[in-house]
Amino acid sequence: MSNNNIQIFDTTLRDGEQVPGCKLNTEQKVIIAEQLDQLGVDVIESGFPVSSPGDFKSVQEISKIVKNATVCGLTRAVENDIKVAAEALQFAKKPRIHTGIGTSDSHILHKFKSNKEAIIERAFAAVKYAKSFVEDVEFYAEDAGRTENEYLARVCEAAIKAGATVLNIPDTTGYCLPSEYGAKIKYLKENVKGIEKAILSCHCHNDLGLATANSIEGVINGARQIECTINGIGERAGNTALEEVVMVLKQHPYLNLDTNIKTEMLYGISQLVSDSMGIYTQPNKAIVGANAFAHSSGIHQDGVIKNRETYEIIDPKDVGVTESAIVLTARSGRAALAYRSKNIGYELTKLQLDEIYASFLTFADKKKEINDADIHQIIESSKVYQQIISA
Ligand code: KIV
Ligand code: ZN
């Protein structure tokens with residue numbers, strides 16, 4: 001792996017599946033895991049094995065079928081969780097145990113009713129125990145976003161001493177600003193003894209809509225793994241969206257950071273996840289939303305028809321979308337109407353277009369969107385129809 005390669009850790013099947021009402025069965029999870037493996041993700045977090053027999057089974061079945069990616073299972077810093085995760089992962093070619101504990105004052109004082117030293121001891125013991133089962137152990141410091149950096153560095157140091165290969169720095173509540181999250185990663189890179197033995201991982205939630213920006217700041221400042229989900233699904237406002245971070249890195253090559261993702265598969269897998277979970281993606285969702293490559297205002301349509309790049313920074317084919325859409329509404333201009341008419345077989349002269357455009361606007365004022373059947377109807381009922389078809 002080059003030092004500029006960003007590992008993509010997909011947690012659609014664990015953090016993503018924590019969305020209320022979107023429970024997946026084992027068969028659906030296996031299908032998604034197969035697609036994630038083909039997509040080129042480096043790690044698939046397949047579940048939280050101790051949480052239920054169903055999740056245990058899903059992690060086990062996914063471990064059997066994944067060919068390339070590391071398969072990961074989540075645990076708390078609890079011996080039984082770790083033992084059960086190791087069992088569920090026993091068939092994985094590349095197993096990883098992801099264990100950890102809350103490190104912010106709020107977690108230490110209220111959730112654990114404990115103290116800072118005791119939490120460091122638990123972190124160390126959990127990683128050490130996980131290492132007795134697998135070589136690859138990732139440690140998470142839950143609520144790292146609200147943990148003061150000096151203490152966080154001490155926890156990370158203990159986890160590395162116990163053998164952690166990856167240190168996950170979650171902004172669990174989606175609180176950090178990008179500059180703050182980037183500075184946290186930089187601080188850990190510069191102040192944790194032994195940091196060269198592990199990689200830092202960004203795990204950002206989207207409560208303030210900053211998950212993608214925070215993850216990107218994290219990797220700019222030295223993290224080498226991003227934890228994310230397809231369509232950004234996850235608890236509350238969700239996780240970092242996989243398709244967004246991958247395309248940010250691809251569209252900004254001067255950052256010199258790349259991933260192993262086959263981006264042409266992004267749209268298909270987004271559809272698969274949203275259909276399987278019954279969670280429909282907002283139309284304006286970046287990269288995979290229904291309107292991400294759709295143009296409806298006359299000025300934009302004219303620009304895109306002349307040159308796609310006028311209003312598009314991504315070639316839709318790069319993310320698996322067949323082509324940009326020119327959507328006809330009452331805001332559309334003549335260029336768009338001529339373009340869509342040509343697509344269904346009508347070559348219109350300027351005069352014919354003027355004639356048809358007037359009836360088009362009357363029609364479009366009554367209907368939200370004009371489809372191909374509507375265009376046929378508008379043209380067929382126009383005065384110039386005979387001229388058009390005999391040309
Ligand atoms: O958001 C979070 O802190 C998590 C951890 C359990 C990794 O999902
Ligand atoms: Zn999370």
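## The chain as a whole

Keep in mind that this is a predicted model. If you draw a box around the C-alpha atoms along the principal axes, its sides come to roughly 85 × 40 × 40 Å.

The chain has 391 residues, and 53% of them are buried. Now look at contacts between residues with a separation of 6 or more: 73% of these join residues 24 or more positions apart.

## Surface and charge

What does the outside look like? The accessible surface amounts to about 17600 Å², and carbon and sulfur atoms hold 52% of that area.

For charges, there are 42 positive side chains and 51 negative ones. The centres of these two sets lie 1 Å apart.

## Two domains

Next, try to find the two domains: domain 1 covers 7-277, while domain 2 covers 294-390. Their centres, taken over C-alpha atoms, are separated by 45 Å. Where the domains meet, seven residues of domain 1 and seven residues of domain 2 take part in the contact.

The size of an interface is often given as the accessible area lost when the parts come together. Here, domain 1 and domain 2 bury about 530 Å² between them, with 61% of this on carbon and sulfur atoms. Three residues to look for are M247, Q251 and Y267, which supply 64% of the area that domain 1 buries against domain 2.

## A look at L208

You will find L208 in the loop that runs between β7 (199-204) and α8 (211-220). Is L208 buried or exposed? Its relative accessibility is 56%, so L208 counts as exposed, as the cut-off for that class is over 50%.

Beyond its neighbours within four places in sequence, L208 makes contact with G174 and Y175. G54 is 154 residues away from L208 along the chain, and 33 Å separate their C-alpha atoms.

## A look at P283

P283 also has its place in a loop, the one between α10 (266-277) and β9 (294-295). P283 counts as partly exposed because its relative accessibility is 43%, and that class lies between 20% and 50%.

Which residues does P283 touch, not counting those up to four places away in sequence? They are G289, A290, N291 and A292. As for A294, it is eleven residues from P283 in sequence, and the C-alpha atoms of the two are 9.9 Å apart.

Technical notes
Residues numbered from 1 in each chain as written. Chains lettered and ligands numbered in written order. Predicted model: local features only at pLDDT ≥ 70, side-chain atom pairs only at ≥ 80, totals over all residues. Heavy atoms only, no water. Buried < 20%, exposed > 50% of the residue type's maximum accessible area, 1.4 Å probe, protein only. Contact = heavy atoms within 4.5 Å. Areas by Shrake-Rupley, 256 points an atom, 1.4 Å probe, with all protein chains shown as cover. Lys, Arg positive; Asp, Glu negative; His and termini not counted. Charge placed at Lys NZ, Arg CZ, Asp CG, Glu CD. Domains from an automatic or database assignment. Buried area = accessible area lost by both parts, 1.4 Å probe. Helix = DSSP H or I, 4+ residues; strand = E, 2+ residues; numbered from the N terminus.
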